[in-house]
Amino acid sequence: MYRCKIVGSLVVGCLILGAFSSPARAEDNGVIKGKVVFKGDKAKYARQTLDTSKDPNCKKSVEKIGSEDVVLNTKTDPITVRNVLVQIKEGVPEKKYPVPSTPAVIDQHGCQYKPHVLAMMEGQQLEIRNSDDTNHNIHFLPKKNQEYNKSQPKKDMKDEIKLVAEAPFQVKCDVHPWMGAQIAVFNHPFFAVTGEDGAFEIKGLPAGKYVVAAWHENAAFGTLTMNVEVASGATVEKDFTYETK
């Protein structure tokens, strides 16, 4: 706690200092969390080993590269889905949200894009890296942002760009046809991408009613939505379930 002597104009200074040092409001600390679950024939979506022999540098750097259009976490119970983009689709208060000062990163490593699905904020710096000892070409195919197509022929090369808000768009490498990724850009911070445990967590939500959407790049999975109401400072747990026929 700050101690302030009431001496003339110093009172104002202390009040201002206290305002800046106060914690975030409880009503803006709501959380929506859960997992993206898979029900169906997991064998149908088993990852395939990709042929990287056309580039000896890729073949040398990794023994096997698995397909990434669908990645199931078969060691979790229940089975969960990786690389699902979860976002607040409706209900986000209209205001300007702080942009992260640290850049988002997409790396070309092991002749794959990492991460496979990248979510970031509008105005945030995007750092594009080549961590491989081979030539890569990163090619963005957006609808709103300007098309970006640039080679990074040497290891440890980096480029930086900024993007405007846009739904997920495809990224490819013109040199290595098996390489692909998705980038989504938001004007708010309420999004997450599932990882090895299939979990997602969206923090810092004001109390309110929301439409939450889970998006997967594979058309057989597509987009799921649910309505979620968050009370002031509360945590709500909800799972999405993809049931393929």
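Student: Which residues does D28 touch, leaving out those up to four places away in sequence?
Tutor: In this predicted model, D28 touches G204, L205 and P206 once residues up to four places away in sequence are set aside.

Student: And where is D28 found?
Tutor: D28 is found in the loop that runs between helix 1 (10–21) and strand 1 (30–39).

Student: Is D28 buried or exposed there?
Tutor: D28 counts as buried, because its relative accessibility is 19% and the cut-off for buried is under 20%.

Student: What about A231, buried, exposed or partly exposed?
Tutor: A231 is partly exposed, because its relative accessible area is 47%, and A231 is found in the loop between strand 17 and strand 18 (235–237).

Student: How far apart are A231 and V31, in sequence and in space?
Tutor: A231 and V31 are 200 residues apart in sequence, while their C-alpha atoms are 9.4 Å apart in space.

Student: Zooming out, what does the secondary structure of the chain come to?
Tutor: The chain has 2 helices and 19 strands, and among its contacts between residues at least 6 apart in sequence, 63% join residues at least 24 apart.

Student: How many of the residues count as buried, as a percentage?
Tutor: Of the 245 residues in the chain, 42% count as buried, and the accessible surface comes to about 14200 Å², with 50% of that belonging to carbon and sulfur atoms.

Student: Which residues have the most contacts inside the largest nonpolar core?
Tutor: The largest nonpolar core has 33 residues, and those with the most contacts inside it are I32, V36, V81, V86, I88, V212 and F240. There is also a second, separate core of 23 residues, which includes I106, I138, C173 and I183.

Student: Going back to V81, what does V81 touch?
Tutor: Not counting residues up to four places away in sequence, the residues that V81 touches include V36, V37, F38, V71 and L72, as well as H216, F221 and Y242.

Student: New topic: what volume does the largest pocket have?
Tutor: The largest pocket has a volume of about 320 Å³, and of the 21 residues that line it, Q87, I88, K89, A167 and F186 lie nearest its centre. I88 is also one of the residues with the most contacts inside the largest nonpolar core.

Student: Which strand supplies the largest share of that lining?
Tutor: Strand 4 does, with 5 residues, and the strands that each supply at least two lining residues include strand 4 (85–90), strand 12 (166–173) and strand 13 (180–186).

Student: How many nonpolar, polar and charged residues are in the lining?
Tutor: By class, the lining of the largest pocket has 11 nonpolar, 6 polar and 4 charged residues.

How values were computed:
Residues numbered from 1 in each chain as written. Predicted model: local features only at pLDDT ≥ 70, side-chain atom pairs only at ≥ 80, totals over all residues. Heavy atoms only, no water. Helix = DSSP H or I, 4+ residues; strand = E, 2+ residues; numbered from the N terminus. Buried < 20%, exposed > 50% of the residue type's maximum accessible area, 1.4 Å probe, protein only. Contact = heavy atoms within 4.5 Å. Core = buried A, V, L, I, M, F, W, Y, C linked by side-chain atoms within 4.5 Å. Areas by Shrake-Rupley, 256 points an atom, 1.4 Å probe, with all protein chains shown as cover. 1 Å grid on protein atoms, 1.4 Å probe; cavity = no way out; pocket = protein on both sides within 12 Å on 5 of 7 lines; lining within 4 Å. Points joined across faces, edges and corners; volume = space filled by probe spheres on them. Nonpolar A, V, L, I, M, F, W, Y, C, P; charged D, E, K, R; others polar.
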